Amino acid sequence: MAEKDITEKNLEEWNDVFADIANVLLFNGNRLMKESELEDASKESQFKADGKIHEQERDVAKFWRNGEIRISIFGFENQTRQDYRMPLRVMSYDGASYKQQLLDDKLFKNYPVVTLVLYFGTDERWTAPKNLCSCFDIPEELMPFVSDYNINVFEIAWLDDETISKFQSDFKFVAKYFQTKRLNRKYVPSNEEIRHVDALLKTFAALTGDKYFETIYNDGKIRGKGGTTMCDIVQGFVNEGLEKGIKQGIEQGIEQGIEQGIERGIEQGIERGIEKEQERIIMNLIESNAGSIGQIAAWVKLPVEQVQRIAEKVPAMD
């Protein structure tokens, strides 16, 4: 889970990706937020509990500015599994941001805090609470006095084609991947150029659990290319799979050959041992004149010709 968070936010921390996600999910694709208007915000905040100072960290946080004025602070929280205490978590992050504003004597104007929960699960839709009150069993008499707090959850795997088509950043590849995975369809790569190849490959490495995506970047198979697309990556994946298949086939063939060779060697050794013992017995019978060649062949249950060949090895008696 931690690894997935790290790689996902590598991609989301790019301003063009961050703005793209907000514009599509919040503003229906209208380009209200510009990447040039974003700046990194502190993801860490502190709180005191049990007499100790504790830290909590958002996945991604950005200030949205209009000139010198902060319009708001936006935060993303990535979830691959449902968290039934998510409203409490989001409220604690947002509350910490508001607390920082209270402590900032130089702040010209207060600004709102907006948090987006990006849910990447594909097996089931988000059924965990989306508001604070749903986290508790509140007596009916007390309900009017409990302040509620809603959170914004976006189910990436359940976005429709029209919504996904509005993404203009590399996030569209991530959204399409999850949608395809949920629908259990074959992934069809696009010829659109990837802008942040490193971050995207690492993201896919975490999401799929297949280190190939990160490996091909580190090996330089993609890094040196200009205009990299998902077609290039998928084709590289196919080629890598073929190479691995051939290599594994050879290794397994050698391994099986060795195993079979050992087994056959043991079998042949046993067979040869039996033959040598039979030959010794026959030679002893012949040397002691125990019977004719035909009689000895009948006793040892071997063809007369075979016994005759063994008899020829017996040294002539002086």
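Which residues of the largest nonpolar core touch the most other members? They are Leu25, Met33, Leu118, Ile156, Phe171 and Leu200, out of 42 residues in that core. The model shown here is predicted. Its chain has 318 residues, and 38% of them count as buried. There are 10 helices and seven strands.

**The chain as a whole**

- Among contacts with a separation of 6 or more, 61% are between residues 24 or more positions apart.
- The chain exposes about 19200 Å². Carbon and sulfur atoms supply 51% of that area.

**The nonpolar cores**

- In soluble globular proteins, nonpolar side chains tend to be buried together.
- The largest nonpolar core has 42 residues, including Leu25 and Leu118.
- Several elements give two or more residues to this core: helices H2 (15-27), H5, H6 (197-208), H7 and H8, and strands E4, E5 (69-79) and E6 (113-119).
- Helix H2 gives the most, with seven residues.
- A second, separate core has 10 residues. Among them are Ile282, Ile286, Val307 and Ile310.
- What does leucine 118 touch, leaving aside residues up to four places away in sequence? Its contacts are Glu12, Ile21, Leu25, Phe76, Glu77, Asn78, Gln79, Phe154 and Ile156.

**Strands E1 and E4**

- Strand E4 covers residues 60-66. Six of its seven residues are buried, so the strand is mostly covered.
- Strand E1 (residues 38-40) runs antiparallel to E4, and three bridges join the two.
- Aspartate 40 has lysine 62 in E4 as its bridge partner.
- In a regular strand, side chains alternate between the two faces of the sheet.

**Helix H5**

- Helix H5 spans residues 171-183, which makes 13 residues.
- From first C-alpha to last, H5 reaches 19 Å. That is close to the 18 Å expected at 1.5 Å a residue.
- Which residues of H5 are buried? They are Phe171, Lys172, Phe173, Val174, Ala175, Tyr177, Phe178, Gln179 and Thr180.
- An α-helix has 3.6 residues a turn, so residues three or four places apart point the same way.

**Salt bridges**

- How many salt bridges does the structure hold? There are 12.
- Side chains of opposite charge can pair when their charged atoms come close.
- Arginine 195 sits in the loop between H5 and H6, and aspartate 16 sits in helix H2, so their pairing ties together parts 179 residues apart in sequence.
- Is arginine 195 buried or exposed? Arginine 195 is exposed, because its relative accessible area is 54% and the exposed class starts over 50%.
- Aspartate 16 has a relative accessible area of 11%, so this residue is buried.
- Lysine 176 and aspartate 161 meet in another salt bridge, at 3.1 Å from N to O. Lysine 176 belongs to helix H5 and aspartate 161 to helix H4 (residues 161-164), so this pair ties together parts 15 residues apart in sequence.
- Lysine 176 is partly exposed at 28% relative accessible area. Aspartate 161 is partly exposed too, at 45%.
- Glutamate 192 and lysine 172 also meet in a salt bridge, at 3.7 Å from N to O. This pair links distant parts of the chain, with glutamate 192 in the loop between H5 and H6 and lysine 172 in helix H5, 20 residues apart.
- Glutamate 192 is partly exposed, with a relative accessible area of 41%. Lysine 172 is buried, at 11%.
- Asp16, Glu35 and Arg195 form one network, joined by salt bridges that share partners.

**Threonine 229**

- Where is threonine 229 found? Threonine 229 lies in the loop between helix H7 (212-218) and helix H8 (230-287).
- Why does threonine 229 count as buried? The reason is its relative accessibility of 8%, because buried means under 20%.
- Threonine 229 touches Ser190, Asn191, Glu192, Glu193 and Ile194, not counting residues up to four places away in sequence.
- One of these, Glu192, is also the salt-bridge partner of lysine 172.

Terms used:
Residues are numbered from 1 along each chain as its sequence is written. This is a predicted model: local features need pLDDT of at least 70, side-chain atom pairs count only at pLDDT 80 or more; totals for chains, interfaces and linings use all residues. Side-chain values use heavy atoms; hydrogens and water are left out. Helices (H or I, at least four residues) and strands (E, at least two) are DSSP runs, numbered from the N terminus. Buried means under 20% relative accessible area, exposed over 50%, partly exposed in between (1.4 Å probe, protein chains only). Contact means heavy atoms within 4.5 Å. Accessible areas come from the Shrake-Rupley method with a 1.4 Å probe; for residues, only the protein chains shown count as cover. Two strands pair if DSSP finds at least two bridges between them. The expected span of a helix is 1.5 Å times one less than its number of residues. A nonpolar core is a set of buried Ala, Val, Leu, Ile, Met, Phe, Trp, Tyr and Cys residues joined through side-chain atoms within 4.5 Å. A salt bridge is a side-chain nitrogen of Lys or Arg within 4 Å of a carboxyl oxygen of Asp or Glu.
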